[in-house]
Amino acid sequence: MGLSTHVLDTMHGCPASGMAVQLYATNDSATKLIKTFTLNADGRNPNGLLLTTEELQVGTYRLVFDVGGYFKAHGTALPEPNFLSQVSLDFGIASPAQHYHVPLLVSPWSYSTYRGS
């Protein structure tokens, strides 16, 4: 089943196309970059799953979304410094056989997430 993400821009009512994202493993108080990618027109990883079932392991992970860079690139007038620059979501994987979907709903001033399906 694996790990996936999806980002929606709630200010403009559209997927967050072009947002830069990084995925880290954060086990044992060490942080290791696994991959960097840019969201496609649907606000998803262009290569599908971030990690396949075979790659996904029990442990903790972090997704870092470049929210400030995304809104600046889309011409949104933002104060300096931005209220939100990067949004980091730390989450745990208890059962790698299950699908873990980590959506992000974001504006320049707020964000929300949940475990999706």
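Two strands pair if DSSP finds at least two bridges between them. Strands (E, at least two residues) and helices (H or I, at least four) are DSSP runs, numbered from the N terminus. This is a predicted model: local features need pLDDT of at least 70, side-chain atom pairs count only at pLDDT 80 or more, and totals for chains, interfaces and linings use all residues. Residues are numbered from 1 along each chain as its sequence is written, and side-chain values use heavy atoms, without hydrogens and water.

**View A. Strands E5 and E6 pair antiparallel.** Seven bridges link E5 (residues 59-65) to E6. Valine 64 faces serine 88 of E6.

**View B. An open sheet of four strands.** The order is E4-E3-E5-E6, with antiparallel pairing. E4 (32-38) and E6 (87-93) are the edge strands; each has a single partner, so one side of each lacks a neighbour in the sheet. Neighbouring strands are turned by 20 degrees against each other on average, direction ignored (axes are lines fitted to C-alpha atoms; angles run from 0 to 180 degrees between N-to-C directions).

View C. Proline 81 sits in the loop between helix H1 (67-73) and E6.

**View D. The largest cavity.** A cavity is a set of points on a 1 Å grid over the protein atoms alone where a 1.4 Å probe fits but cannot get out; lining residues have an atom within 4 Å of a point. Its volume, the space filled by probe spheres set on points joined across faces, edges and corners, is about 40 Å³. The structure holds one cavity of 30 Å³ or more. Lining residues include Val67, Phe71, Asn82 and Trp109.

Methods
On a 1 Å grid over the protein atoms alone, a cavity is a set of points where a 1.4 Å probe fits but cannot get out, and a pocket is an open set with protein on both sides within 12 Å along at least five of seven lines; lining residues have an atom within 4 Å of a point.
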